[in-house]
Amino acid sequence: MSAATTRSRTPDRLCAEAVDLARAAAEETAAPGVVGEHEGLVSEGDRVVTHFFACRELGYRGWRWAVTVARASRAKIVTVDEAVLLPGPDALLAPEWVPWSERLRPGDMGPGDLLPTDAEDLRLEPGYSGEDEPSPNSTVSAELAELVEAEDAEVAGAAPADLTIAPARGSIASVAEELGMRRARVLSRYGLHIAADRWEEAFGAKTPMAQAAPATCVSCGFLARIGGSLGQAFGVCANEFSPADGRVVSLAYGCGGHSEAAVMPKPPQPVPPRIDETRVDPFPLRPAPDSGSVPATQDESSAELGHS
C-alpha cells in the first residue's frame with residue numbers, strides 16, 4: 001500500500017474537528033430542527049472529510065445529512081465543499097422506477113384512459129396493406145391476385161385503413177373488408193400464444209374448478225364458439241350461473257354448471273312384490289264340516305262303521 005493511499009484513508013485532523021462548521025452548513029441547508037446528532041465521518045481524500053448527521057425529517061428514515069469539508073495544503077482554515085441529504089445503510093428508499101408500460105396490469109384502465117401500443121409491439125404484426133402483392137398471412141392467394149386484371153377487378157391504390165370511402169365492389173380491398181381483414185395490424189403468433197397462456201391459466205384444465213367438474217366445456221351446450229385459430233382451443237361461456245360467464249374458457253375447462261350435469265337419471269323402478277301385503281286372507285279357527293275327506297252324516301246310526 002502506497003503512502004498516498006494511507007494518507008487518503010486517514011482523516012485530516014483539522015477537517016475532522018470541524019464538526020460545528022459542518023453542522024452549521026447542514027442546518028443552513030435543511031429546515032430548523034431537522035439536523036440530528038453527529039453520526040461519524042469518513043475521509044474522502046487528502047484534507048477532505050465528510051461529516052454525517054442524522055436526519056429527523058419525516059419520511060426520511062435512515063437518511064443522513066452529509067457535509068464535506070476541506071482545507072488547502074498548508075492552510076489552517078477549513079471550508080465547506082457541499083451539504084447534501086444522502087441515504088444511509090438502512091434508509092427507506094423508493095422502489096426502483098419501472099416504466100408505466102411494465103407497471104400496467106389488467107384492470108388498471110378506466111373510462112377515458114388511452115393505452116397507445118408501440119410500433120414494434122411483438123404482439124402485433126402488419127395486416128393487409130392493400131397493395132398489389134398480398135401480405136404473407138393474407139387469405140387472398142397469389143394466384144387470385146394474378147387473376148385480378150383478367151377479371152377486370154379494381155385494385156385499390158392505398159391501404160384499406162387509409163381509404164376515405166368504401167372500396168369498389170370486386171376489388172381486393174373490398175374482398176379484404178368483407179373478410180374482416182381491413183385492419184392495419186393483426187395479432188402475431190407471439191400475441192396469440194401469450195393470450196392463450198393467459199386464458200388457460202385463468203380458465204383452463206388445471207384450475208380447481210375444472211378438476212372437480214363433471215365434464216369439460218367442449219361438450220357443454222352453453223359454450224359459444226369463436227372464430228380463428230384460437231377457436232380450436234377456446235370458446236366463450238354463456239351460462240349466467242357459471243363463474244366463467246362471459247369469459248373466454250378453454251375447451252378443457254369445466255364447472256358445475258355444465259349443461260348435461262342437470263339431467264337427472266331416471267329413478268329405478270321397484271321390483272313387483274312377490275307377496276301381496278295389502279290383501280287379508282281369512283283363517284277360521286274351526287274347520288268347516290265339509291272340509292274333511294269323509295262326507296258329513298246326519299246321525300251316528302247311519303254311519304258306515306262296518307258293524308251293526
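**Figure 1. Trp199, partly exposed at 24% relative accessibility, and its aromatic partner Phe234.** The model is predicted: local features require pLDDT of at least 70 and side-chain atom pairs pLDDT 80 or more, while totals for chains, interfaces and linings use all residues. Residues are numbered from 1 along each chain as its sequence is written, and side-chain values use heavy atoms, with hydrogens and water left out. A residue is called buried under 20% relative accessible area, exposed over 50% and partly exposed in between (1.4 Å probe, protein chains only). A search of the whole structure returns three aromatic pairs. Rings of Phe, Tyr and Trp (its six-membered ring) pair if their centres lie within 6.5 Å; planes under 30 degrees apart are stacked, over 60 edge-to-face, and the rest tilted. For Trp199 and Phe234, the ring centres are 5.5 Å apart and the planes meet at 80 degrees, so this pair is edge-to-face. The two residues lie 35 residues apart, Trp199 in helix α7 (residues 189–202) and Phe234 in strand β8 (residues 234–237). Helices (H or I, at least four residues) and strands (E, at least two) are DSSP runs numbered from the N terminus. Phe234 is buried, with a relative accessible area of 4%.

**Figure 2. The aromatic pair of Phe203 and Tyr253.** This pair is edge-to-face, with 5.6 Å from centre to centre and 90 degrees between the planes. Distant parts of the chain are linked here: Phe203 belongs to the loop between α7 and α8 (208–211), and Tyr253, 50 residues away, to the segment after β9 (248–250). Phe203 is buried at a relative accessible area of 13%, and Tyr253 is buried at 4%.

**Figure 3. Ser242 in the loop between β8 and β9.** Ser242 counts as buried, at 7% relative accessibility. Its contacts, leaving aside neighbours within four places in sequence, are with Cys237 and Cys255. Contact means heavy atoms within 4.5 Å.

**Figure 4. The buried and exposed sides of helix α3 (residues 19–29).** Ala22, Ala25 and Ala26 are the buried residues of α3. Viewed down the axis of α3, these residues fall within an arc of 100 degrees, so they line one face of the helix; the arc is that of the directions from the helix axis to the C-beta atoms. An α-helix has 3.6 residues a turn, so residues three or four places apart point the same way. Asp20 and Glu28 are exposed on the face of α3 turned away from its buried side. The cover over the buried residues of α3 includes strands β1 (35–45), β2 (48–55), β3 (63–70) and β4 (79–87).

**Figure 5. Strand β3 and its partners β2 and β4.** Seven of the eight residues of β3 are buried, so the strand is largely enclosed by the rest of the structure. Strands β2 and β3 pair in the antiparallel sense over seven bridges, pairing being assigned where DSSP finds at least two bridges between two strands. Strands β3 and β4 also run antiparallel, joined by eight bridges. Ala70 of β3 stands opposite Val48 and opposite Thr79 in β4.

**Figure 6. Arg64 and the ring of Phe52.** The charged end of Arg64 sits over this ring, 4.0 Å from its centre. The criterion is that NZ of Lys or CZ of Arg lies within 6 Å of the ring centre and within 35 degrees of the ring normal.
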